[in-house]
Amino acid sequence: MKLNTNIKKILIEIVSLLYVVLFIYAAVSKLIDFENFKVQLGQSPLLSAFATPVAIGVPVLEIVIAVMLLLPKLKLYGLLSGFTLMVMFTAYIYIILNFSQFIPCSCGGVLEKMTWNQHLIFNLSFVLLAGLAILFQPEKKL
Amino acid sequence: MKLTHKYIFLTACTLLGTGFVYLLFSLSENIVQYHNTFIRRFPQHLANPDRELDLKFNSYYFAGSDTSKIYLGNITAPLQITQIDTSFQHKQSNKIDLKEKNLPFQSPQIRVQTPYFYLFEGTIPYVFKGSTKDWNGYLQWTSGTYFSQVEPIDSCRLAVRFLAPKTSENLLGTLNLETKTEGFGKKLLLKQLDGVFDTDGSLHYNNTLQRLVYVHRYRNEFVVADPNLSLQYRGNTIDTVSHAHLKFSKINDGTVKTFSEPPLIVNKTSTTNGKYLFVHSALPGQYESMDMWKQASIIDVYDLTQKSYLASFYIYHDKGKSMRSFIVKGHYVYVLIGSKLIRYKLRNDIIKPYN
């Protein structure tokens, strides 16, 4: 890691902010149209049976993680949780594209203009960014 | 946190996250297909309206189909049989000529299983059989137990729903027109209340699997049996009504039994083709848009060989009228709505075509 510590710090801040914006936006757009979101999840070939818990759990987690990212003490944990959640979204898309009986229309909300493949790439970039930000965090005692 | 620890953490989170989603996926698949808690799936464009034909009358019913034609009977002209080719280009009507005319005819029905047709009335009872080449009907059956539904099995056997003598309970069975014998499947329909109303449903014969399929009207069950009337299995539709909800009253000094409150219908009409069972359900499931229920009939598709639920699709109302009945043949669903015959094309990557 030869990058200058300042650049690292800035990158961490940018990634955290990106995550905060993405998660808050995603959570709010889900909650505003909650019934519709639940119906869409019920139609998802992957989570139909768990539509209600997932519909509540995902936006709540997104908000909690966004708050963690805003608090300096919890930033590292926030990044790790955001990273994990993003990995899960990515796995979800990958499974839909490769294992599912049929591919649903779209996920709605923020990014409904994207195709599933674009979505996959978008998610992977976010996963990479969070990964980098975690690696760039200065070493300190937990 | 040390750099190596971070790598370990990141790897662990990746594996755990992916594993968790995969676990949810496989659990959900298993629940939806085999232990469904009433969640429907509507794959995009599973069935799309594709052609329609105005028949001018709303009294037609499906009498049968083969690889090239749909056969329609007409309740107001009971001896008329109408043939329409599957692309709706040619329509032809014939009159069935019965070779025995001294029977108390009331409302005969027709079933076609090429190259034969059957004309019957279970409350007399009688069965005529003839060839679809000349449409001449010869009397084959004139006595025995009353019956109320008929589906041809092969050139001499018919699957029927009998009205059991004395009790008038529904009873599945067969008529053999060659040996002139009746067969009874006494344990196929299980009585829950009175055995008359609560066991109501619709009878089908599936040629591909060679199975009788009886779909209950008031409970979430269908019965699958072989042509010798031995039970193969009892399947469940995805709703949760396992017990018929019916209340009765006696009127006219106890001579007439009627419903004292509207019955809870579970499964309206149904049909079977290939390895699939198609059921027009009356009950909305979880996470469904109620607007769609005002605009369309919902058809659930089951795989009879996997005993699983596959998917659902919409048959849209036509000028406020809902679907009366339907059949599936090859790539298509044929629907009678009002005075129209409408064809829907099925997505063959999800529902494989069978003739």
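This is a predicted model: local features need pLDDT of at least 70, side-chain atom pairs count only at pLDDT 80 or more; totals for chains, interfaces and linings use all residues.
Two residues are taken to be in contact when their C-beta atoms, placed from the backbone, lie within 7 Å of each other.

In chain A, helix α3 (residues 51-70) and helix α4 have axes that come within 7 Å and cross at roughly 145°, and the crossing in which α3(A) passes α4(A) is left-handed. On the α3(A) side the residues that meet the partner helix are Leu61(A), Ile65(A), Met68(A) and Leu69(A), while α4(A) brings Lys75(A), Tyr77(A), Gly78(A), Leu79(A), Ser81(A), Gly82(A) and Leu85(A). Sorted by class, the residues of this contact comprise 7 nonpolar, 3 polar and 1 charged.

Helix α3 of chain A also has a part in covering α2(A), whose buried residues are Phe37(A), Gln40(A), Leu41(A), Gly42(A) and Gln43(A); what covers these buried residues includes α1 (5-32) and α3 of chain A.

In an unreviewed entry, UniProt lists residues 10-28, 48-71, 76-96 and 116-136 of chain A under "transmembrane region". For residues 10-28 of chain A, the model gives 100% helix and 0% strand, with the end C-alpha atoms 27 Å apart. Residues 48-71 of chain A, by contrast, are 83% helix and 0% strand, and here the end C-alpha atoms are separated by 35 Å.

Turning to the interface, 26 residues of chain A are in contact with 30 residues of chain B. On the side of chain A that touches chain B, at least two residues are supplied by each of α2 (34-43), α4 (75-98) and α5, and α4(A) gives the most, with 8 residues. The residues on this side of chain A divide into 19 nonpolar, 5 polar and 2 charged.

Met88(A), which is found in helix α4 of chain A, touches Gly17(B), Phe20(B) and Val21(B), when residues up to four places away in sequence are not counted. A residue counts as buried when 20 or more other C-beta atoms lie within 10 Å of its own, and Met88(A) is therefore buried, because it has 23 such atoms within 10 Å. Within chain A, Met88(A) and Asn123(A) are 35 residues apart in sequence, and their C-alpha atoms lie 9.7 Å apart in space.

Helix α5 (residues 116-136) of chain A approaches helix α1 (residues 3-34) of chain B, with axes that come within 9 Å and cross at roughly 155°. Since angles over 145° count as roughly antiparallel, α5(A) and α1(B) are therefore roughly antiparallel to each other, and α5(A) passes α1(B) in a right-handed crossing. Gly131(A), Ile134(A) and Leu135(A) make the contact from α5(A), and Leu3(B), Lys6(B) and Leu10(B) make it from α1(B). By class, this contact has 4 nonpolar, 1 polar and 1 charged residues.

For chain B, UniProt places a "transmembrane region" at residues 7-25, again in an unreviewed entry. That span is 100% helix and 0% strand in the model, and its end C-alpha atoms lie 27 Å apart. The secondary structure of chain B as a whole comes to 2 helices and 27 strands, and its C-alpha atoms fill a box of roughly 100 × 50 × 40 Å along the principal axes. Of the 355 residues of chain B, 39% count as buried, and among contacts between residues at least 6 apart in sequence, 46% join residues at least 24 apart.

Several loops between the strands of chain B have backbone features to inspect. In the loop between β7 (109-113) and β8 (116-121) lies Pro115(B), and the peptide bond from Thr114(B) to Pro115(B) is cis, with omega near 10°. Pro125(B), in the loop between β8 and β9 (126-131), is joined to Ile124(B) by a cis peptide bond with omega about -15°.

Trp135(B), in the loop between β9 and β10 (136-141), has a positive phi of about 55° although it is not a glycine, and with 17 C-beta neighbours inside 10 Å it counts as partly exposed. Lys180(B), in the loop between β13 (170-176) and β14 (181-185), likewise has a positive phi of about 55° without being a glycine, but Lys180(B) is exposed, with 11 other C-beta atoms within 10 Å.

Methods. Residues are numbered from 1 along each chain as its sequence is written. Chains are lettered from A and ligands numbered from 1 in the order in which they are written. Axes are lines fitted to C-alpha atoms, for helices over the stretch in contact, and angles run from 0 to 180 degrees between N-to-C directions. Helices (H or I, at least four residues) and strands (E, at least two) are DSSP runs, numbered from the N terminus. Angles under 35 degrees count as roughly parallel, over 145 as roughly antiparallel, 65 to 115 as roughly perpendicular and the rest as oblique. A crossing is left-handed if the near helix is turned anticlockwise from the far one by less than a right angle, and right-handed if clockwise. Ala, Val, Leu, Ile, Met, Phe, Trp, Tyr, Cys and Pro count as nonpolar, Asp, Glu, Lys and Arg as charged, and the others, Gly among them, as polar. UniProt positions are given in the numbering used here, feature names are shortened, and annotations may be inferred rather than shown by experiment. A residue is buried if 20 or more other C-beta atoms lie within 10 Å of its own, exposed if 12 or fewer, and partly exposed in between; C-beta atoms are placed from the backbone.
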